[in-house]
Amino acid sequence: MFSWLGNDDRRRKDPEVFQTVSEGLKKLYKSKLLPLEEHYRFHEFHSPALEDADFDNKPMVLLVGQYSTGKTTFIRYLLEQDFPGMRIGPEPTTDSFIAVMQGDVEGIIPGNALVVDPKKPFRKLNAFGNAFLNRFVCAQLPNAVLESISVIDTPGILSGEKQRISRGYDFAAVLEWFAERVDRIILLFDAHKLDISDEFSEVIKALKNHEDKMRVVLNKADQIETQQLMRVYGALMWSLGKIVNTPEVIRVYIGSFWSHPLLIPDNRKLFEAEEQDLFRDIQSLPRNAALRKLNDLIKRARLAKVHAYIISSLKKEMPSVFGKDNKKKELVNNLGEIYGRIEREHQISPGDFPNLKRMQDQLQAQDFSKFQPLKSKLLDVVDDMLAHDIAQLMVLVRQEETQRPVQMVKGGAFEGTLHGPFGHGYGEGAGEGIDDAEWVVARDKPMYDEIFYTLSPVDGKITGANAKKEMVRSKLPNSVLGKIWKLADIDKDGMLDDEEFALANHLIKVKLEGHELPNELPAHLLPPSKRKVAD
């Protein structure tokens, strides 16, 4: 499947030849990045070694939120069916991590059995011990949605020190493990309780460096009035701004993700539009899965390089015989200065360094004498991977995207609004009159005709220059008016007759009312006299 090109000298210049992105990622990781990680004990500090299942698994969506924000109900809404182990209630009901995945038969796989299955991407979770594994299960069921993605349900985040301590495992560390491997992280908030507890704040901070995967859902929004919803949205953005330290605003979707009637239907259109945006985001995950895995491997490689510089610098500073303990304390306390020196010497971005406080805590328990000195060859191999092989894989990603059929999540709630009269925007904007026997533009055509005959038509048609004088009155940009002209000039003669002029004005009206223009003219908007021409 892979071929090495030439001898060692040429190998450093030319990338490897891969046949699939997934196999290429596995090969690069095992042959070029893993040796560096093992040599500098990367797995003890940051993240366990990756396995084949991490590269082969379907895209995963991680749901995180305080109790009773609707995480389990959200999954039920997407799947449109119950799943094994599901419990829903206003009290904290989900006390386990539940991986909802595709299976031929409905059933539950307990955590201890799950982490020994090489086909599942969870083997490294055994490091969190029985306290966690007893609260980790895989719910399997046949479902069309799960053929494309898997969903991870998490325990509701609580407030109060007692409940936090009683978990028996490092909750934030488990979420961080999942965050590294999932394709999308959805934070759910209840519109009635926006308070972010200490544990929730700690969890969000643990998801740092994965902001590109994060989305926010303001759930149960149908239970409050429009004015209150506006204030709640503002309060949520303010709260998130204090915790998520990024210049960009995280995308927030507003809605009510369950199958019950809306309590306050005033914002129905808003909820429909938000739901469709969120669904499109989730549906794109299979198509972008290879690119995400490639991106995560690059991030991991950059961190592994920085880690190697840190460990080798600490090794270099250690005395060979006496005073090791005192020197170790000094080095740990001065780790920030070591970061700065490495940053300057190797031109590394400050954002590539691991958290200083966390690294200091981890170093306390390490024997510095077992650290390895800098081995340039290992670093050169990783640099070669980033400079050449990754570029080759990027090309292959694009080739796979064009060769394969469009991959999208199907089934469940994704099908309910995809086709038919309950699809978002059906019968609105350019879709108005789609089911009418009469041409919808005919309703206002008498008004448009009055304008048309003031524009000096010749042989029943007006020139583009005369049409422009009227169309620019809408104050729409030329780019939009140009698109409208292209849609309305059906016979492409550079002029408009009375029906085409009426159609152009109808499309202007559609745009002014805030709707998007179609890329191609829908069949129901074709003027009756032009339908044979179009056919």
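Leaving aside neighbours within four places in sequence, Leu278 is in contact (heavy atoms within 4.5 Å) with Phe74, Ile186, Val217, Tyr253 and Phe257. The model is predicted, so local features need pLDDT of at least 70 and side-chain atom pairs count only at pLDDT 80 or more, while totals for chains, interfaces and linings use all residues. Residues are numbered from 1 along each chain as its sequence is written, and side-chain values use heavy atoms, with hydrogens and water left out.

**Whole chain**

- The chain has 23 helices and 10 strands; helices (H or I, at least four residues) and strands (E, at least two) are DSSP runs, numbered from the N terminus.
- The C-alpha trace spans about 100 × 60 × 45 Å along its principal axes.
- Of the 535 residues, 48% count as buried, where buried means under 20% relative accessible area, exposed over 50% and partly exposed in between, with a 1.4 Å probe and protein chains only.
- Among contacts with a separation of 6 or more, 77% come from residues 24 or more positions apart.

**Nonpolar cores**

- A nonpolar core is a set of buried Ala, Val, Leu, Ile, Met, Phe, Trp, Tyr and Cys residues joined through side-chain atoms within 4.5 Å.
- The largest nonpolar core has 49 residues, of which Phe97, Phe122, Phe178, Leu187, Phe189 and Leu218 touch the most other members.
- Helix 9 (residues 171–181) gives the most to this core, with six residues.
- Phe122 is in contact with Met60, Ala99, Met101, Leu114, Val115, Phe136, Ile152, Trp177 and Phe178, leaving aside its neighbours within four places in sequence.
- Another core lies apart from the largest one and has 44 residues, including Phe42, Phe45, Leu331 and Leu363.

**Helix 13 and helix 15**

- The axes of helix 13 (residues 285–317) and helix 15 (residues 335–346) come within 10 Å and cross at roughly 115 degrees. Axes are lines fitted to C-alpha atoms, for helices over the stretch in contact, and angles run from 0 to 180 degrees between N-to-C directions.
- Helix 13 and helix 15 are therefore roughly perpendicular to each other. Angles under 35 degrees count as roughly parallel, over 145 as roughly antiparallel, 65 to 115 as roughly perpendicular and the rest as oblique.
- The crossing of helix 13 and helix 15 is right-handed. A crossing is right-handed if the near helix is turned clockwise from the far one by less than a right angle, and left-handed if anticlockwise.
- Helix 13 contributes Tyr309, Ile310, Ser313, Leu314 and Glu317 to the contact, and helix 15 contributes Leu335, Ile338, Tyr339, Arg341, Ile342 and His346.
- The residues of this contact between helix 13 and helix 15 comprise seven nonpolar, two polar and two charged. Ala, Val, Leu, Ile, Met, Phe, Trp, Tyr, Cys and Pro count as nonpolar, Asp, Glu, Lys and Arg as charged, and the others, Gly among them, as polar.

**Helix 19 and helix 22**

- The axes of helix 19 (residues 445–452) and helix 22 (residues 498–512) come within 9 Å, with a crossing at roughly 115 degrees.
- That makes helix 19 roughly perpendicular to helix 22.
- The crossing of helix 19 and helix 22 is right-handed.
- On the helix 19 side the contact is made by Lys445, Tyr448, Asp449, Ile451 and Phe452, and on the helix 22 side by Asp498, Glu499, Phe501, Ala502, Asn505, His506 and Lys509.
- By class, the contact of helix 19 with helix 22 has five nonpolar, two polar and five charged residues.

**Individual residues in helices**

- Leu278 is in helix 12 (residues 268–283) and counts as buried, at 0% relative accessibility.
- Leu278 and Arg215 are 63 residues apart in sequence, with their C-alpha atoms 8.9 Å apart in space.
- Glu180 lies in helix 9 and is partly exposed, with a relative accessible area of 24%.
- Glu180 touches His46, Ser47, His210, Lys213, Arg292 and Asp296, not counting residues up to four places away in sequence.
- The C-alpha atoms of Glu180 and Leu207 are separated by 8.6 Å, at 27 residues apart along the chain.
- Ser201, in helix 10 (residues 198–206), counts as buried at 16% relative accessibility.
- Ser201 touches Ile196 and Ile243, not counting residues up to four places away in sequence.

**Positive phi**

- Most residues other than glycine have a negative phi.
- Arg41 has a positive phi, near 55 degrees, and is in the loop between helix 2 (21–39) and helix 3 (42–45).
- Ser68 has a positive phi, near 65 degrees, and lies in the loop between strand 1 (60–65) and helix 5 (71–79).
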